Amino acid sequence: MILNCEDQLVDLFGATEIRSFLMAKSDNHEGELDVALVEGSIATEEQLKRLKDIRERAKIVIAIGTCACHGGPQAMKLGEGKWDEMYKKVYGNAKITLSKAFESQPIDAFVKVDMYIPGCPIDKTEFLGAVSKLVAGKHPYLYKFPCCTECKWKENKCILYEGRFCAGPLTKAGCGAVCPSHNLPCVGCWGPTDDLNVSSEYELLKEKGYNPDEILRKIRKFGGAGVAKLVKDLESKKEAKA
Amino acid sequence: MRELNVEALARVEGDGGITVTLDGKKVKSVTLDVHEGPRLIEQLVKGMKPEDDLNVIPRICAICTLSHRYSALLGLEKALGVKPPEKTYLTRELMMLGENVESNSLHTYLLALPDFLGYPSAIAMLNDYGDDVKRALRLKKFGNHLMAVTSGRIVHGENPIIGGFGKYPTKQALEEIKAKSHELIPDAARAVELFASLEYPTYPEAETLFMSVNAPKKKYGYHGDSILISNGKEVNVEDYKKLTNERVVSHSFAKRSLYQDKSFTVGANARLINMGKRLDGQAADLLKEHYSDRWLKNPLFNNLAQAIEMLWSLEQMPDMVDRISSMDDPPIENPTRTTGSGTGAVEAPRGTLYHHYDVKDGLIEAADIITPTAQNLDDIEKHMKLTAERMLAEDKKDDEVRLNLEMVARAYDPCISCATHLVRLKRI
């Protein structure tokens, strides 16, 4: 997505000293860093080693994208213990000598993360805004409210009123409510929002008649570790009630 | 034993590497290692509703996101008995033209070109080749813009759905696309001129087979119901497994493909070899001018092929916009059954992409996705091995060998997320 900032790409390379950017250039230097932008979830020992090395070298680590922040779609079954079985179905008994693989997890499962810029894909405006603040030595302003807020700004008709499940209330803002603006329900690709009590919002949707399993199934597509935590909270509440 | 090592294969999409093992001057092996972690997407979508699958599978790749979506739509619509209306069909075609321009401009200029001109990145070329870099960014931005207009946003737009679109592009947005595509045609023609003027080393040259879709109505295009092979054979897409025979190798989390025990190539060069006679306009003239038998042997010509294709894509847009603008928005076509199977095949910028689905009672029972880079991996290794052998026989320096190996790998426009970072030369 960073390479998609065509109008700002030249300025971005001018305002910062890009030490390493594998997709964009081949003269990369791996040393001390002010800021490391880490994308992707962690699914192999080799990736974990690289992540820990980056953490040691960087003053600020920013998780960018829903995979780094929450684990991404590949973490949708976290906590269900089905990964080994699924892995076998894809690769059979073939031995892959490259690096040991495991179920994908967000980067904060392994190292301290200073900031999160989620999104699948990340939003240009939020990303460039954050970089501008960092260049000026300020803390970036990152969205903390749900997708619904942006949807209201756009004066869209609420999809939930039509009886169609929309992940907007449970999902972090940043995309500009793009799906509801196309008359489509939010798919939850920014992962769970953190400014509200997601579990009480979930209860509210249940009261409104939405199938609870369906809600979880829909938000798990991108919610990874965040939704796995929600499921755990819900279960412990249920147990407490019983 | 010696090891020639390119620790990180930069300027490709995804995480992988190349290991070359040498015994004196003899090349023992060349492997393209895929380090991307396994995501098990095909397993994860099992039990999902088709609409949910469509949210997840484009995330396999942020570059060919719309190819994944389109291929899945074709497979799922066949499975569910959906015949999309003409306007839907044409709007999808337009969206694929946008992805082609975006991805081909990114790969040719920003990822491949720096090697040929001796720079570490396109950004480093700014002082000496500023006009070309800016041209690339204009083309790429426009491709992205068209993807946003049709699919909802520049990456992972959710607007194309089963049986239609959430919202069709407005007439005004389409008119802007038409005007802009006209304006950018000279930029794309200049790209063809530039990539035709480059010197393509002969080291990787060897015969191979090329596969692409057979686009409908004997036209050039980016999807089809059958596959053309450069040996003259044609195979129905539903029989894709006969073509791709996936297998697992120890140095990669990406699976491999062989056709009748032989490696093959997919991509823009394969499309132009199989369907190039169907081109029209300036793209047809330039293909005729620059095509040679070397295309059949040398993967580096894929860069030139992508430039020609980018021009063709732009040339198609004005007419396609006129046709779409003349139609009213149709209602969304609903599934006519809940159980069935279907295979979709589209030409992602980097080659043929298959999505096969079995749907039972409205839920996905099995999904099989075969990506272009997975199909190309064996041919990439074959042409890299030849390059290493021939260059070492000429006593070329390690750095030069490394650069040439990377150029071969990059020429395929590998998408290592869909399959890399590392060339390593081992000497025994």
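Biologist: Which residues of α9(B) and α10(B) make you say that these helices meet?

Modeller: Gly281(B), Gln282(B), Ala283(B), Leu286(B), Leu287(B) and His290(B) of α9(B) meet Leu304(B), Ile308(B), Leu311(B), Trp312(B) and Glu315(B) of α10(B). The contact of α9(B) with α10(B) has 7 nonpolar, 3 polar and 1 charged residues. Two residues are in contact if their C-beta atoms, placed from the backbone, lie within 7 Å. Ala, Val, Leu, Ile, Met, Phe, Trp, Tyr, Cys and Pro count as nonpolar, Asp, Glu, Lys and Arg as charged, and the others, Gly among them, as polar. This is a predicted model, in which local features need pLDDT of at least 70, side-chain atom pairs count only at pLDDT 80 or more, and totals for chains, interfaces and linings use all residues. Residues are numbered from 1 along each chain as its sequence is written, while chains are lettered from A and ligands numbered from 1 in the order in which they are written.

Biologist: Why are α9(B) and α10(B) called roughly antiparallel?

Modeller: Helix α9 (residues 281-290) and helix α10 (residues 302-325) of chain B pack at an angle of about 160°, with their axes 7 Å apart. Angles under 35 degrees count as roughly parallel, over 145 as roughly antiparallel, 65 to 115 as roughly perpendicular and the rest as oblique. The two helices, α9(B) and α10(B), are therefore roughly antiparallel to each other. Axes are lines fitted to C-alpha atoms, for helices over the stretch in contact, and angles run from 0 to 180 degrees between N-to-C directions.

Biologist: What makes α8(B) and α10(B) roughly perpendicular?

Modeller: Helix α8 (residues 268-275) of chain B packs against α10(B) at an angle of about 70°, with the axes 7 Å apart. Therefore α8(B) and α10(B) count as roughly perpendicular to each other. The crossing of α8(B) past α10(B) is left-handed, a term used if the near helix is turned anticlockwise from the far one by less than a right angle (right-handed if clockwise).

Biologist: Which residues bring α8(B) and α10(B) into contact?

Modeller: Ala268(B), Asn269(B), Arg271(B) and Leu272(B) in α8(B) meet Asn302(B), Ala305(B), Gln306(B), Ile308(B) and Glu309(B) in α10(B). By class, this contact of α8(B) with α10(B) has 4 nonpolar, 3 polar and 2 charged residues.

Biologist: How do you know how α3(B) is directed relative to α4(B)?

Modeller: The axes of helix α3 (residues 65-80) and helix α4 (residues 86-117) of chain B come within 9 Å and cross at roughly 150°. That angle makes α3(B) roughly antiparallel to α4(B). The crossing of α3(B) past α4(B) is left-handed. Leu66(B), Ser67(B) and Tyr70(B) in α3(B) meet Arg92(B), Met95(B), Met96(B) and Glu99(B) in α4(B). The contact of α3(B) with α4(B) has 4 nonpolar, 1 polar and 2 charged residues.

Biologist: What makes chain B as compact as a globular protein of its length?

Modeller: Chain B comes to 12 helices and 13 strands. Its radius of gyration is 21 Å, close to the 22 Å that the globule rule gives for 428 residues, so chain B is as compact as a globular protein of that length. The radius is taken over C-alpha atoms, and the globule rule is 2.2 Å times the number of residues to the power 0.38. Helices (H or I, at least four residues) and strands (E, at least two) are DSSP runs, numbered from the N terminus.

Biologist: How does the radius of gyration of chain A agree with that of a compact globule?

Modeller: For 242 residues, a compact globule would have a radius of gyration near 18 Å, and the 19 Å of chain A agrees. Chain A has 9 helices and 5 strands, and its C-alpha atoms fill a box of roughly 55 × 50 × 30 Å along the principal axes.

Biologist: What makes you speak of domains in chain A?

Modeller: The domain assignment gives domain 1 (2-135) and domain 2 (147-241) of chain A; such bounds come from an automatic or database assignment. The C-alpha centres of domain 1 and domain 2 of chain A lie 25 Å apart. Their contact takes 18 residues from domain 1 and 15 residues from domain 2 of chain A.

Biologist: How many residues does each chain give to the contact of chain B with chain A?

Modeller: This contact takes 43 residues from chain B and 47 residues from chain A. On the side of chain B, α5(B) gives the most, with 5 residues.
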